[in-house]
Amino acid sequence: MTHRFRDFLALEPLNADELTFLLDQSKSFQEIQRHPLKKLAVLRGKTVALAFFETSTRTRISFGTAASRLGADQMNLQAEASSLKKGESLLDTVHTLDAMKPDILVMRHASSGAPAFAARHLDIPVINAGDGTHEHPSQGLLDALTIRDRKGTIENLNITILGDIKHSRVARSNIHLLGKFGCKFTLCGPSIWVPRELEQLGAASGTKIRRVFKIEDALEDADVVLALRVQNERLYEPSISLNDYILLYQLSVDRMKRAKPDAIVLHPGPLNRGIEITPEVADGPQSCILEQVTNGIAARMALLFLLAAGSAEADALPAGEGSSSSPNASASPQSAGDQPRNRRSTDKRE
Amino acid sequence: MTHRFRDFLALEPLNADELTFLLDQSKSFQEIQRHPLKKLAVLRGKTVALAFFETSTRTRISFGTAASRLGADQMNLQAEASSLKKGESLLDTVHTLDAMKPDILVMRHASSGAPAFAARHLDIPVINAGDGTHEHPSQGLLDALTIRDRKGTIENLNITILGDIKHSRVARSNIHLLGKFGCKFTLCGPSIWVPRELEQLGAASGTKIRRVFKIEDALEDADVVLALRVQNERLYEPSISLNDYILLYQLSVDRMKRAKPDAIVLHPGPLNRGIEITPEVADGPQSCILEQVTNGIAARMALLFLLAAGSAEADALPAGEGSSSSPNASASPQSAGDQPRNRRSTDKRE
Amino acid sequence: MTHRFRDFLALEPLNADELTFLLDQSKSFQEIQRHPLKKLAVLRGKTVALAFFETSTRTRISFGTAASRLGADQMNLQAEASSLKKGESLLDTVHTLDAMKPDILVMRHASSGAPAFAARHLDIPVINAGDGTHEHPSQGLLDALTIRDRKGTIENLNITILGDIKHSRVARSNIHLLGKFGCKFTLCGPSIWVPRELEQLGAASGTKIRRVFKIEDALEDADVVLALRVQNERLYEPSISLNDYILLYQLSVDRMKRAKPDAIVLHPGPLNRGIEITPEVADGPQSCILEQVTNGIAARMALLFLLAAGSAEADALPAGEGSSSSPNASASPQSAGDQPRNRRSTDKRE
């Protein structure tokens, strides 16, 4: 199967087939995370530029580790150390990075649309690693991967999202992905964080989204509960106080009893234990929080591989590169043997 | 041809033959930037120490990428995170880095002469990545490479440099390199930034340097225009204001008409669009700004390769390493085939 | 010989045989530092997570370089850029790192016991890279390695430690290691930095520790002098001033005459030249300060190799990996030939 992806900027425009394709691709990279040696050679000689114009720890490390495990080199730009402080424009910065000839650009930015803007001006693929309040599509992908593993399907589930949905790119990416599979959403949180406009988010694809302001009602019959991080800087009186949030919206074992017995809990991290979620829930059997982290590497390996491993590379590689007989293929024979199939089947420029 | 370089600290002491040799070496690494796979194995097992005691984004990423593309590992020291804040002396810091046994040290420092000072105390080669107002020799090299590509020669050109030449190590490195090839320089900017002493910069090599304070006159008959970055912190009344600078010295399409029709424009970056240069010029057909960035990787690959790939390494490498039959040689056969010749012909310790 | 190390958290619980084993292991990695190519392939495909929750330059670069020279990839977390600022708990941070599936965690933290705490919760090995005022065990190991090289033995030596011993994890790790070999300790410094409790440090192993407040007496008959760094932030009146410290405790050539003629001087760095040590002593023939830095890489390569190269890896590696006939073995035949023996002999899971 060929794919039409040049960039990976948002989940909203992708259809169910494309999303399923991405999830299936991620699946093969999930297996690699369980091997004693996790390193492939499929992006050897390629360079992944990581441009993070907004502070990030886990997403940056996750993409960097994904790049390393594919054999790629990295080019790291972090905003704090960058020329941006000297007044250079965003476009000049990305053009400059691009002139150093990376094979793909992974970009996080505080402004919605910045990665799409970069993609319009560059010839290399661009991956959105989170932009403003728009989307965090690789997070949406890893969340769906986690749900599919645990529930066996991502179709027709009841998904409850808790917290500051208004500002959450994670919530948007989840809605855009899971909505394509018939999932129904219940959004719950202080009313200022769950405005009426959110109900229109999935209108184009007919996704059912309702707002519920009592957490017990919102959790009723949920298959999946996604607790969002409370950003301290967004807790302001008189709309809501930290104590009120805990009292009214904290995800606790008791409240989780309203959800289906086999419901699972997701959180994009980092956790505010004791605020949006109790330690009992975060560490309990329904929690998938650490699986999400592991799946993040797999999903990002899949994305980097699909977008950065062009046919040009396949042509230039010596015969046998990546096969189990090569001393460079650090992964175990099983996984290395899978790769040539993946590459052939997913190459977009053939 | 053998070469006499142990370190690469400045362009001023190099003669035209040596400079031509460095430009020719860089040429072969330029070609690699166009390959789908840009990685060589020639510095595999070597370590490049990058010690940046002054903030840098593009030069640091450029040297780091050059090191990666040669197969080398990196050791990164950035001043902000360094022991310098704890009061350790510069010499102790570089001795400590050296004791970790890198194969080469790339060093940027706010004090002119700091890399030369380090080189006197260390046995490993040192590359100056910019020191105070002294030199930025790898920038000089990449600028000359860019000019030679576009103009077909670096001989007898009219070069106009605009801006704060007094504080510019980039301007000095350009004058020291291009002056050896008979280029004539016109320096233009506010008088406080273009002091009379600058006319003596090329005295030893007979380089003609004149100061002109009207930009229209300075651009007359120019083959190459080098616009320098205006450092905001150096704009102070009563000498000059930002508005005055724009009015009197900004490089615009209109003013560029005074230069030769095929004149080219260089800028070391990062750009202050709308200050020292208009967007129309920066993005226009005469601009070589992004080519400079790409050539920076090539020039730095050449320097790292020439200085760090000693004969000891050649002896220790298994036969065939770097040849196209090796699974480790990620570059295409053409480029990999060139490397053994380069290494043999340029080795400094034979 | 098999070993029982799962983690490397402290020297205190290790016995003389185990410490000798670690020193002997480090020895083979010392030789590699003298090769033109220092890179092995023994941890290829493995990932070393470096989590530094306290500022560090040399220890972080040392562990990172050690990881690179073993062929491992790195996952870098520095506290300043981390989620800790967002309020995530230490345990959540290390669990998150762990979920990205590194093979080993190297951790520095300002709180004594933090690495041990992490080790109790993780399945991967943990190396303590310095925790509070508890231990800095890799520093203790490299110090002992340096002493053994210079003195031929680490048995029954007179060790004088100068400075702020109360807050020094380096002093503690040295006492816990060298005390097991019959070394006797003389602690000297301002009384507030040399409290009586320190005499009990080696009580369990019968180590002799005495406090002496006159430096000339403390140096009498010393085989080894360990000068500690004076932390400016710990110099406060009325207990002691910088001038008083220099006057009373600075290690000078003159004072060194009280020690044995072949006594050696160690310092963990970074140096405060002219404060705890004079330049003449720091740069003199008795100083081992730079050898300590070089040995640091060797000791850390040994630790990473012993703990991260499990039998699972040995099984998965193609036959011949790491042998001198492999094109991936960048080290010279001698060292590469040693590695399979080391791996087989030290593997902990056989």
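In what order do the four strands of the open sheet in chain B lie? The order is β2-β1-β3-β4, and the pairing is parallel. This is a predicted model.

**View 1. The open sheet of chain B has four strands.** Strands β2 (73-78) and β4 (126-131) of chain B stand at the edges. Each has a single partner strand, so one side of each is left without a neighbour in the sheet. On average, neighbouring strands of this sheet are turned by 15 degrees against each other, with direction ignored.

**View 2. Strand β1 of chain B pairs with β2(B).** Strand β1 covers residues 47-52. Its pairing with β2(B) is parallel and runs over six bridges. Look for V48(B): Q74(B) in β2(B) stands opposite this residue.

**View 3. Helix α2 of chain B lies across the strands.** The helix spans residues 58-69.

**View 4. Helix α6 of chain B is mostly covered.** This helix takes in residues 169-178, and ten of its ten residues are buried. Among them are R169(B), N174(B), H176(B) and L178(B). At the start of α6(B), a side-chain oxygen of S168(B) comes to within 3.3 Å of the backbone nitrogen of V170(B).

**View 5. Chain A has 13 helices and nine strands.** Of its 350 residues, 65% are buried. Chain A exposes about 12,300 Å², and carbon and sulfur atoms supply 50% of that area. Take the contacts in chain A between residues at least 6 apart in sequence: 76% of them join residues at least 24 apart.

Methods. Residues are numbered from 1 along each chain as its sequence is written. Chains are lettered from A and ligands numbered from 1 in the order in which they are written. This is a predicted model: local features need pLDDT of at least 70, side-chain atom pairs count only at pLDDT 80 or more; totals for chains, interfaces and linings use all residues. Side-chain values use heavy atoms; hydrogens and water are left out. Two strands pair if DSSP finds at least two bridges between them. Helices (H or I, at least four residues) and strands (E, at least two) are DSSP runs, numbered from the N terminus. Axes are lines fitted to C-alpha atoms, for helices over the stretch in contact, and angles run from 0 to 180 degrees between N-to-C directions. Contact means heavy atoms within 4.5 Å. Buried means under 20% relative accessible area, exposed over 50%, partly exposed in between (1.4 Å probe, protein chains only). A polar contact is a pair of N or O atoms within 3.5 Å; within protein, one must be able to donate a hydrogen and the other to accept it, and residues adjacent in sequence count only if both atoms are side-chain atoms. Accessible areas come from the Shrake-Rupley method with a 1.4 Å probe; for residues, only the protein chains shown count as cover.
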